[in-house]
Amino acid sequence: MLVLHYTGMEDAESAIARLRDPEAKVSAHYVVAEDGTILRLVDEEQRAWHAGRSHWRGIKDVNSASIGIEIVNPGHELGYRPFPDEQISALIPLVHDIEQRHGITRGNVVGHSDIAPARKQDPGELFPWGKLARLRLALPRPTRNLMDPGWTDGGFLMALERFGYDVEDAPAAVTAFQRRFRPELIDGEIDAECRMILLALLLPKPQGDD
């Protein structure tokens with residue numbers, strides 16, 4: 001799988017220094033700076049320590065099955081801001097190349113918050129998932145032919161787990177789902193729109209992001 005993060009530090013230099021510090025016990029395969037510069041820190045064939053305690057589609061040792069990309073951004077605690085066009089323009093071909101080399105499907109291109117909803121918020125609601133989706137590099141937000149399956153909250157959580165999320169902390173899982181697929185309203189509450197989006201994602205061909 002491919003996991004996208006933000007660095008959550010004041011600047012690129014601080015983030016790169018930490019990722020290269022053996023004492024920090026954290027690393028990533030790539031860093032994408034705000035000006036579009038890309039650094040490779042770990043060979044793709046080697047494990048990088050980017051995911052931490054995480055879970056996706058039954059995989060609990062995510063570091064053993066993933067490529068990690070750190071995208072420079074101060075994050076929610078230090079002044080979260082939109083990702084510059086230059087940065088995303090550099091990220092897109094990198095994501096494409098990694099997916100092609102490793103046969104990664106769109107459903108396994110995830111944010112850190114998707115695989116660790118109780119701990120992480122990155123890359124966050126400002127990350128332009130739609131741009132990746134329109135290039136078939138990530139799942140789209142479904143927008144067409146939406147239907148409310150009328151699931152109970154328990155039924156929604158069962159479906160969310162089937163989709164891939166760890167639902168042990170239910171409010172955190174719902175919040176992470178909203179941050180990814182409905183970023184304009186992140187309240188941790190299960191509603192009809194959430195049910196419709198999730199149902200569409202579970203269908204063979206989610207439709208959206210024209």
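View A. D148 counts as partly exposed, at 35% relative accessibility. Buried here means under 20% relative accessible area, exposed over 50%, and partly exposed in between (1.4 Å probe, protein chains only). R195 counts as buried, at 14%. The two form a salt bridge, with the closest N and O atoms 2.8 Å apart. A salt bridge is a side-chain nitrogen of Lys or Arg within 4 Å of a carboxyl oxygen of Asp or Glu. The model is predicted: local features need pLDDT of at least 70, side-chain atom pairs count only at pLDDT 80 or more, and totals for chains, interfaces and linings use all residues. Residues are numbered from 1 along each chain as its sequence is written, and side-chain values use heavy atoms, with hydrogens and water left out.

**View B. Salt bridge between E34 and R81.** The side chains of E34 and R81 meet at 3.0 Å, N to O. E34 lies in the loop between β2 and β3 and R81 in the loop between β4 and α2, so the pair ties together parts 47 residues apart in sequence. Helices (H or I, at least four residues) and strands (E, at least two) are DSSP runs, numbered from the N terminus. E34 is partly exposed at 24%. R81 is also partly exposed, at 34%.

**View C. Salt bridge between R182 and D191.** Their side chains meet at 2.8 Å, N to O. R182 is buried, with a relative accessible area of 1%. D191 is partly exposed at 23%. Salt bridges that share partners join R141, R182, E184, D187, D191 and E193 into one network. The whole structure holds 12 salt bridges.

**View D. Helices α6 and α7.** The axes of α6 (residues 170-181) and α7 (residues 192-202) come within 11 Å and cross at roughly 75°. Axes are lines fitted to C-alpha atoms, for helices over the stretch in contact, and angles run from 0 to 180 degrees between N-to-C directions. The helices are therefore roughly perpendicular, a class that covers 65 to 115 degrees. F177, Q178 and F181 of α6 meet C194, I197, L198 and L201 of α7. Contact means heavy atoms within 4.5 Å.

**View E. Surroundings of V42.** V42 sits in the loop between β3 (38-40) and β4 (67-71). V42 is buried, at 14% relative accessible area. Beyond neighbours within four places in sequence, V42 contacts S27, A28, H29, R47 and A48. The C-alpha atoms of V42 and H29 are 4.4 Å apart, although 13 residues separate them along the chain.

Technical notes
Parallel < 35°, antiparallel > 145°, perpendicular 65-115°, else oblique.
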